[in-house]
Amino acid sequence: MTRAQVFEFFRRLAEANPSPTTELNSANPYQLLVAVVLSAQATDAGVNIATRPLFERIKTPRQMVDFGEDALREAIKTIGLFNTKSKNVIALSEALIDRFGGKVPRTREELQSLPGVGRKTANVVLNTAFGEETFAVDTHVFRVCNRTGLAPGKTPDEVEARLDKIVPQPFRRNAHHWLILHGRYICKARTPECWRCPVVDLCRYKPKTAPPSAKSARSESRASSAARTVTGRTVATRSAGRNPPRPSRLP
């Protein structure tokens, strides 16, 4: 995409959703950090179901450590990989207490030094909790950036670097939220809903998905055509199977 097209891409997403944010529920940076760690290979909705009662009780690293790994495992057992995640959450909570006075650090390097925290998680926390202009590349962002041609790359790190280079102001602060939500609800993995995409004319994805009504019409047309073909074959088969007419008299 050209620089003008990139600007227009984000302008339209911003117009459609002026105040995007994460769909993970939290009340402070620590709860957000825990929620993002739990969200790996899980849906935000599923994480919210598990953390809603948990976060009513747990608001600090000390409370989490006192809660204990066994109790945490039971509280998040509906989330995938809950055994590993419960270990990581307790370990990162202990690290926050021992190394950062119970506070969530505000640098990517310090965040990534915590158990279970990778670059994507660190970027989400820096952006959502502290307002940093970071670009968290999850599966949705990776797909949208490659499919549309916005910021193609073979790895999440390549896509992140490309986004950091091309995303202009005033869109840098919320860019990754717009891309995540766009990928989650419109530019879906299996069946992108191109017919209602606000940036469809800027996207390089060629097999645009038709609206459901158009697909239904095509399906009905194909079914009708197939029925006519089958009927024609049946008539031909019946005609071919009849005995030839007998002569009215002997030669």
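Ser39, Asp44, Lys120, Asp138 and Arg184 lie nearest the centre of the largest pocket, which has 23 lining residues. The model is predicted: local features need pLDDT of at least 70, side-chain atom pairs count only at pLDDT 80 or more, and totals for chains, interfaces and linings use all residues. Residues are numbered from 1 along each chain as its sequence is written, and side-chain values use heavy atoms, without hydrogens and water.

**Largest pocket**
- A pocket is an open set of points on a 1 Å grid over the protein atoms alone, where a 1.4 Å probe fits, with protein on both sides within 12 Å along at least five of seven lines; lining residues have an atom within 4 Å of a point.
- The space in the largest pocket is about 380 Å³, taken as that filled by probe spheres set on the points.
- Two or more lining residues come from each of α8 (119-130), α9 and α11.
- α11 gives the largest share, five residues.
- Nine lining residues are nonpolar, nine polar and five charged.

**Helix α1**
- Helix α1 spans residues 3-16 and reaches 20 Å from first to last C-alpha, close to the 20 Å expected at 1.5 Å a residue.
- Val6, Phe9, Phe10, Arg12, Leu13 and Ala14 of α1 are buried (under 20% relative accessible area, 1.4 Å probe, protein chains only).
- These buried residues pack against α9 (139-148), α10 (156-166) and α11 (175-185).

**Confidence**
- Mean pLDDT (the predictor's confidence in each residue, from 0 to 100) is 89, and 85% of residues reach 70 or more.
- Residues 246-251 have pLDDT below 50 and, beyond near neighbours in sequence, zero contacts in the model (heavy atoms within 4.5 Å).
- Where pLDDT is low, the predicted coordinates should not be read in detail.

Definitions and conventions: Helix = DSSP H or I, 4+ residues; strand = E, 2+ residues; numbered from the N terminus. Expected span 1.5 Å × (residues − 1). Buried < 20%, exposed > 50% of the residue type's maximum accessible area, 1.4 Å probe, protein only. Nonpolar A, V, L, I, M, F, W, Y, C, P; charged D, E, K, R; others polar.
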